[in-house]
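Subject: A structure for you to explore

Hi there,

I am passing a structure on to you, with some notes to read beside it. Please open it first and have a look around before you read on.

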Amino acid sequence: MPARLLLSWYDAFARDLPWRTPPGSKARPDPYRVWLSEIMLQQTTVAAVRPYFGQFTARWPDVDALAAADDDAVMAAWAGLGYYARARNLLACARAVSLRGGFPDTEEGLRALPGVGAYTAAAIAAIAFGRRAVVVDANVERVVSRLFAITEPLPKSRPTIRAATDAITPDMRAGDFAQAMMDLGATICTPKGPDCPGCPLNAGCLGREQGVAAELPRKLPKKPRPDRRGTAFAAVHDGDVLLVRRAGREMLGGMWALPDDGWAAGRDGDGMAPFPADWTRADGTVDHGFTHFALSLSVMRTELATRRNLPEGQWWPLDRIAEAGLPTLFAKAVRLALCDTAD
């Protein structure tokens, strides 16, 4: 019953998303667009993803085009979307899929691809290939917790939520059902203000009946994020700034950035400059939140007379710095250094 009611609602009210094949369409979903959207949407909002998805698909319209892309071009195009390990895995996955001649059409096969976890594999299998798969994201967790009045806090309740989702997932139209659950959580069964009167599942919702819908799903208190401090170094010569590539396994790995003092999630930076120079501190700091810690980044700057005996990197024109594809943190750091220099 929940599936039939929800699919009828979805047929009438499905969100218009650039990566989605509308319900009732004769066109088959494009696995490339489904996969790309799912990777981009991990821990990121639909609003943030829309422009990136449009730019990526215009530049790399299929998985073979993306597989052949230059690493730096893809990383630069990803800049600002965050969680940069996703971009590295995106390229690795595209190349693996291109090499094998297409996407696997089963959860098991999809799970073997770089960067594809349990949720993403289930979503692609259901949406792109019509497989019956149990798709559980944060929206689905919320809807199912309320529908079945699951009061055990997350993350302990996840097996119960998955089992309940499995029980109501239909054999047919599993992809539409998964997208309908996501839409319901995004537009009706929202985190703080569920619109119970407008919900197609309100008649059978135990959370609504028990008056606890708005407080579900319950969550264990989050541990406070530690505060970290670090320093970035903007070295300028003849209108160019020195950028270095961050190591693949560190924060923002693989991206071009300013040299820094070794800050990380588990430690503060040591404040040591990457090379001797007449460094001066810019006014203010760049404050940036990561998933597991908050960073306060100081910025040092210097004007160099020569480019010799410096770390390996690339010199980028300051008047074209927006084209460098820097992570948001370092784009802010460069702007702070430039602002201070202009003063």
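Below is what was found in it, from the overall picture down to single residues.

This is a predicted model, where local features need pLDDT of at least 70, side-chain atom pairs count only at pLDDT 80 or more, and totals for chains, interfaces and linings use all residues. Residues are numbered from 1 along each chain as its sequence is written, and side-chain values use heavy atoms, with hydrogens and water left out.

**The overall picture**

The protein has 13 helices and 7 strands; these are DSSP runs numbered from the N terminus, with helices being H or I of at least four residues and strands being E of at least two. Its C-alpha trace spans about 75 × 45 × 30 Å along the principal axes. Of the 343 residues, 48% are buried. Here buried means under 20% relative accessible area, exposed means over 50%, and partly exposed is in between (1.4 Å probe, protein chains only). Among contacts with a separation of 6 or more, 68% are between residues 24 or more positions apart, where a contact means heavy atoms within 4.5 Å.

Start with helix α1 (residues 2–13) and helix α11 (residues 174–187), which pack at an angle of about 75° with their axes 9 Å apart. Axes are lines fitted to C-alpha atoms, for helices over the stretch in contact, and angles run from 0 to 180 degrees between N-to-C directions. The angle makes α1 roughly perpendicular to α11, a label for 65 to 115 degrees (under 35 is roughly parallel, over 145 roughly antiparallel, the rest oblique). On the α1 side, the contact includes Leu6, Leu7 and Trp9, and on the α11 side it includes Phe177, Met181 and Leu184.

**A helix and its cover**

The buried residues of α3 are Val49, Tyr52, Phe53, Phe56 and Thr57. Their cover includes α2 (31–41), α4 (63–67), α5 (71–78) and α6 (85–100).

**Salt bridges**

How many salt bridges does the structure hold? There are 14, each a side-chain nitrogen of Lys or Arg within 4 Å of a carboxyl oxygen of Asp or Glu. One of them joins Arg132 and Asp166, at 2.8 Å from N to O. This pair links distant parts of the chain, 34 residues apart: Arg132 is in the loop between α8 (118–129) and α9 (138–147), and Asp166 is in helix α10 (residues 158–168).

Asp176 forms another with Arg173, also listed at 2.8 Å between the closest N and O atoms. Asp176 is buried at 17% relative accessibility, while Arg173 is partly exposed at 34%. Together with Asp11, these residues are linked in a network of salt bridges.

**Backbone details**

Most residues other than glycine have a negative phi, and most peptide bonds are trans. Gln43 has a positive phi of about 60° and lies in the loop between α2 and α3. A cis peptide bond joins Leu154 and Pro155, with omega about 5°, and another joins Leu216 and Pro217, with omega about 0°.

Happy exploring!
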